[in-house]
Amino acid sequence: MNPILQIRGVERRFAGAGGGTLALQATDLAVAENDFVTILGPSGCGKSTLLRIVAGLDQPTAGEVLLDGQRISGPGADRGMVFQSYTLFPWLNVLDNVCFGLRERGLPRAQQLEIAHGFIAQVGLAGFEAHYPKQLSGGMQQRTAIARALANSPRMLLMDEPFGALDHQTRELMQELLLGIWEAERKTVLFVTHDIDEAVFMASRVVVMSARPGRIKLDRTVDLPHPRHYSVKTTPAFAALKAELTESVREEVRRAQAER
Amino acid sequence: MKPLTPVSPGARVALGVAFFVVFVAAWSAATFSGYVSKTFLADPWTMLKSGWVLLTEMGFAEDIGMTVWRVVGGFVIAAAIALPLGVAMGAYKPVEAFFEPFVSFARYLPASAFIPLLILWAGIGEAQKLAVIFIGSFFQLVLMIAVTVGNTRRDLVEAAYTLGAGDRSLVWRVMIPGAAPEIAETLRMVLGWAWTYVIVAELIGASSGIGHMITDSQALLATDQIIFGIIVIGVIGLLSDLLFKAANRRLFPWAALGR
């Protein structure tokens, strides 16, 4: 099967003294349709940069990204994104936030509402349609952001540490929620995180990136069965994979610190 | 007292009123006792009485109407041009690069210094008064609106792009609504400044208005009337401020939430 997303020799160098900083070293990655790929790495390894390049919010200094064989030149509604920071539009309530992309596409209002209500219910926020972002908790805001991205029916979902700002308990619930949605819809997901548990629990495939300059150093398929229950985190198979990834990431964190 | 501890709404009003009471009491003490001569400062009672005379017998209400009309007129013209220009400057950097240096220069030009020129150009009619208000508020408005719009949160811009927004709808659906409450605040503030310009404009070459009444009273050493005129300006300013604040709260409930 052809991959939905192809990252070919993508490199990102930030301008600066002495030739600048190489944040991302020529990186190749192919993501298959319906895959849930998590990108794991120490902070500052360029994993967010890679995701932003796929989103079209940043331009690679070399290489190219293809979505369905088409070269990406800028951001678009075909790649929905959920950010780590809370990016709901504060002047719109939950319903209109979720409708934002649909309105942009020029859909009739009735159709917008129908789609939006469906996704709001799916993320468990039915009854909160009229709330403004400031009236919501962090977890609820991120759930709205997921609904907003999904409502656009993008080809794939890009997530940049979407649960990074949430407390531990909320984060685990959000992981289950997102995994449940993925199991139902099989949307292709590219998910950046530095949380190893999160990376293994959610993924059908985990990619580990090295410390700066970032490149892919490990690529593991996660064979844990679906539907996954949170209790999977205590199984030997989960523990073994986590141990391997922990070792791999630790090595990079060490290296990054030694260079400082 | 513990820093930053809020006061209850009731106590807030009481404290606010208390200062007015203290102020009037000090003024009364200074004037009724004869410590300050009547020639220099009228007492509150005389001030109120001559205020009543002004309103009932000398047509001061008409002066107030004229002044309000001038402020609102000049300010609305300034805002009507400043809004689109400010938004364009905030959103499009070449537009900003073109206008910003001149506007920054022009906003330091004191509006009152233009009065002799404006009298030469526009006479002493209404056009001259409106022009003073316009000069006084336009450049400030443009600059502040441009900064507000330019400060749109970048992550919201990026979110809008990933949701399929184009450049045009980014301005209309993200930058403008996001900046709107702060722009309304700017309008409220600059309207307050416009009040100071109108009085200056009326002090020179006017045949009506609160400022005109004040200059007339000066010739008669009528400090009671001058003070009444000043207080009227203060009261109108306070009212317009309250109206503006109430309107902002109604228009932008999302911005006031959790504040």
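Modeller: The expected span of a helix is 1.5 Å times one less than its number of residues, and a helix here is a DSSP run of H or I with at least four residues, numbered, as strands are (E, at least two), from the N terminus. Helix α1 of chain B, residues 9–32, has 24 residues. This is a predicted model, in which local features need pLDDT of at least 70 and side-chain atom pairs count only at pLDDT 80 or more, while totals for chains, interfaces and linings use all residues. Residues are numbered from 1 along each chain as its sequence is written, and chains are lettered from A and ligands numbered from 1 in the order in which they are written.

Biologist: How does the reach of α1(B) from its first C-alpha to its last stand against the expected value?

Modeller: The helix reaches 34 Å, close to the 34 Å expected at 1.5 Å a residue. Just after α1(B), B:G34 takes a positive phi of about 85 degrees.

Biologist: Which secondary structure does chain B have?

Modeller: Chain B has 11 helices and zero strands. Its C-alpha atoms fill a box of roughly 75 × 55 × 30 Å along the principal axes.

Biologist: Why is strand β8 of chain A, residues 188–193, called largely enclosed?

Modeller: Six of its six residues are buried, so the rest of the structure largely encloses β8(A). A:T188, A:L190 and A:V192 point one way, and A:V189, A:F191 and A:T193 point the other way. In a regular strand, side chains alternate between the two faces of the sheet.

Biologist: Which elements make the right-handed β-α-β unit?

Modeller: β7(A), helix α5 (residues 168–185) of chain A and β8(A) make it. The crossover is right-handed because, with the strands pointing away from the viewer, the path from the first strand over the helix to the second runs clockwise.

Biologist: With which residues is A:L190 in contact, leaving aside its neighbours within four places in sequence?

Modeller: Contact means C-beta atoms, placed from the backbone, within 7 Å. A:L190 is in contact with A:V31, A:V37, A:I39, A:L51, A:V54, A:M156 and A:L158.

Biologist: How many residues of chain B are in contact with chain A?

Modeller: 16 residues of chain B are in contact with 23 residues of chain A. α7(B) gives the most to that side of chain B, with six residues. The side divides into nine nonpolar, five polar and two charged residues, where Ala, Val, Leu, Ile, Met, Phe, Trp, Tyr, Cys and Pro count as nonpolar, Asp, Glu, Lys and Arg as charged, and the others, Gly among them, as polar.

How values were computed:
Contact = placed C-beta atoms within 7 Å. Buried ≥ 20, exposed ≤ 12 C-beta atoms within 10 Å, placed from the backbone.
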